[in-house]
Amino acid sequence: MYYDKAESLSRDEISRLQLSRLRTTCERAARSRLYSRKFTGHGVRPEDVKTLDDLRRLPFTTKQDLRDSYPDGLNTVPTEKMVRMHVSSGTTGTPTVVYHTASDICWWSSMVARCMHMTGMRPNDVFQNTTSYGLFTGGLGMHYGAERLGCLAIPMGAGNTQRQLKLIQDFKVTALHIIPSYALYLANFCAQQGIDPKSLGVRIALVGAEPYSEETRRRLEDIFGFRAFNSYGLSEMNGPGVAFECPEQNGMHLWEDAYLAEIIDPETLEPVAPGEVGELVLTTLCREGMPIVRYRTRDLTRILPGGCPCGRSHVRIDRITGRSDDLIIIKGVNIYPMQIEQVLMSLPEVGQNYLIELYREGPIDQIRIKVEVKEEYFVEDMRSLNALKQKIAHKLRDEILVTPKVDLVEHNTLPKSEGKAQRVVDNREPE
Ligand code: AMP
Ligand code: ZN
């Protein structure tokens with residue numbers, strides 16, 4: 001029933017494995033320039049890790065640490081032993097690099113294969129990867145996983161939607177890896193071409209790499225007739241394969257034999273109470289070439305209480321509600337973009353794309369939301385459009401507690417990026 005016997009480990013077995021792997025990880029990490037300095041600075045040695053609670057004695061690692069260590073300050077083996085690297089550009093500043101040994105690639109692929117199998121993918125599935133290859137880890141990461149599972153993997157890459165669709169149709173693709181914003185775009189594209197997305201015959205979609213709401217998942221499942229499974233990962237922790245939904249589609253199992261998870265309060269850095277939302281902190285347990293200890297992901301989530309009916313004992317994390325750094329503060333009110341998406345995607349008149357703009361009117365911060373309207377609702381009658389605008393603004397106010405300005409635009413008119421969507425544009429002048 002399971003792909004890997006690690007999926008059915010008991011809690012005790014997981015804890016024992018984690019402790020032994022954590023100790024190995026610390027011993028390896030201490031060989032890198034960054035951790036030899038950090039461990040010394042913290043007055044902690046790898047041999048001080050005697051129980052899992054000792055994790056808290058270890059220093060955190062931030063994105064800035066990775067930048068400062070550019071290009072190879074976290075490596076624990078000579079470059080000759082490495083077989084791949086991924087670079088994440090981020091928005092500003094020095095990029096971050098993650099190196100992998102052959103063994104690292106091997107276990108990463110097997111983790112991804114495990115996730116895929118958990119969603120119901122099998123060797124006879126035809127898998128098309130619609131995300132960009134190259135440095136983005138969702139390309140090669142998913143590809144290697146699909147091959148490992150034994151699927152026929154089509155490395156289509158991002159964009160070129162016409163070709164994307166042709167391959168799906170000609171090769172009877174049954175499973176897709178797709179970013180949520182692109183899946184919404186693909187739905188529009190099918191409509192334009194007069195293709196019923198359900199006729200494509202895709203039964204499983206692995207959807208992740210950027211935040212999306214339950215409402216978007218439902219919308220995608222309705223349009224395409226597939227089951228959409230949430231996929232969470234980040235380059236620093238390899239990429240995809242960190243946490244994934246099982247057939248219950250209720251939280252993502254975070255593979256605890258490979259990652260040690262903590263949820264902390266981003267202000268105090270102390271653990272939150274069980275079940276509370278906080279920042280996810282991850283430690284690699286299997287990585288050889290570049291282990292990372294207590295990495296602050298900035299992603300906000302919580303550990304779901306209770307066991308999962310699928311029988312897997314690995315903890316489940318909730319849908320990522322946002323990043324601690326994408327909090328928008330308008331008129332003193334805290335807003336996460338995901339709250340806005342949740343409202344928009346629950347409204348049948350709203351199309352597949354939207355854009356949040358922050359601007360300043362005199363001294364006051366304002367929020368404007370440009371919303372694509374579905375073709376059938378984009379009528380010429382001003383009164384109906386104004387009513388729709390008001391309805392959207394009111395629904396949003398109920399959720400985010402400030403009334404945004406709403407601009408309705410025709411479908412397919414907002415900018416569409418090839419990779420992760422840029423949902424928020426901040427036009428406020430720096431103070
Ligand atoms: P990157 O390392 O560039 O691939 O970006 C990783 C980041 O993408 C994560 O830290 C999250 O902020 C975001 N991300 C990835 N998967 C998901 C997901 N399923 N839901 C929400 N955010 C995600
Ligand atoms: Zn489960």
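1. Helices and strands are named here as DSSP runs numbered from the N terminus, a helix being a run of H or I with at least four residues and a strand a run of E with at least two. In these terms, Ser32 belongs to the loop that connects α1 (11-29) with α2 (33-42). The model is a predicted one, and the points below should be read with that in mind.

2. Leaving out residues up to four places away in sequence, Ser32 touches Gly73, Leu74, Asn75 and Thr76. A further loop, between α3 (63-68) and β1 (82-88), contains Pro71, and the peptide bond that joins Tyr70 to Pro71 is cis, with omega about 0°.

3. Two asparagines have a positive phi, a value worth checking in each case. For Asn160, which sits in the loop between β4 (152-154) and α6 (161-170), phi is near 50°, and its relative accessible area of 43% makes this residue partly exposed. For Asn238, in the loop between β7 and β8 (239-245), phi is near 90°, whereas the relative accessibility of 0% means that Asn238 counts as buried.

4. Around ligand 1 there are 15 residues, of which Asn230, Ser231, Ser235, Asp299 and Lys420 come nearest. Strand β7 (residues 227-234) supplies the largest share of this shell, with 5 residues, and by class the shell is made up of 6 nonpolar, 5 polar and 4 charged residues.

5. Which atoms of Ala209 and Pro211 lie by a nitrogen atom of ligand 1? In Ala209 it is a backbone N or O atom, at 3.1 Å from a nitrogen atom of the ligand, and in Pro211 it is likewise a backbone N or O atom, at 3.4 Å from a ligand nitrogen. Lys420, by contrast, places a polar side-chain atom 2.9 Å from an oxygen atom of ligand 1. Of the 500 Å² of accessible area that ligand 1 has on its own, the protein covers 88%.

6. The largest nonpolar core has 65 residues, and those touching the most other members are Leu58, Met116, Met121, Phe127, Tyr232 and Leu254. Helix α4 (residues 102-119) gives the most to this core, namely 9 residues. Apart from neighbours within four places in sequence, Met116 is in contact with Met121, Phe127, Met142, Gly145, Ala146, Leu149 and Leu206. Another core, of 53 residues, lies apart from the largest one and includes Ile223, Val343, Val350 and Ile392.

Notes: Residues are numbered from 1 along each chain as its sequence is written. Chains are lettered from A and ligands numbered from 1 in the order in which they are written. This is a predicted model: local features need pLDDT of at least 70, side-chain atom pairs count only at pLDDT 80 or more; totals for chains, interfaces and linings use all residues. Side-chain values use heavy atoms; hydrogens and water are left out. A residue is near a molecule or strand if one of its heavy atoms lies within 4 Å of it. A polar contact is a pair of N or O atoms within 3.5 Å; within protein, one must be able to donate a hydrogen and the other to accept it, and residues adjacent in sequence count only if both atoms are side-chain atoms. Accessible areas come from the Shrake-Rupley method with a 1.4 Å probe; for residues, only the protein chains shown count as cover. Ala, Val, Leu, Ile, Met, Phe, Trp, Tyr, Cys and Pro count as nonpolar, Asp, Glu, Lys and Arg as charged, and the others, Gly among them, as polar. A nonpolar core is a set of buried Ala, Val, Leu, Ile, Met, Phe, Trp, Tyr and Cys residues joined through side-chain atoms within 4.5 Å. Buried means under 20% relative accessible area, exposed over 50%, partly exposed in between (1.4 Å probe, protein chains only). Contact means heavy atoms within 4.5 Å.
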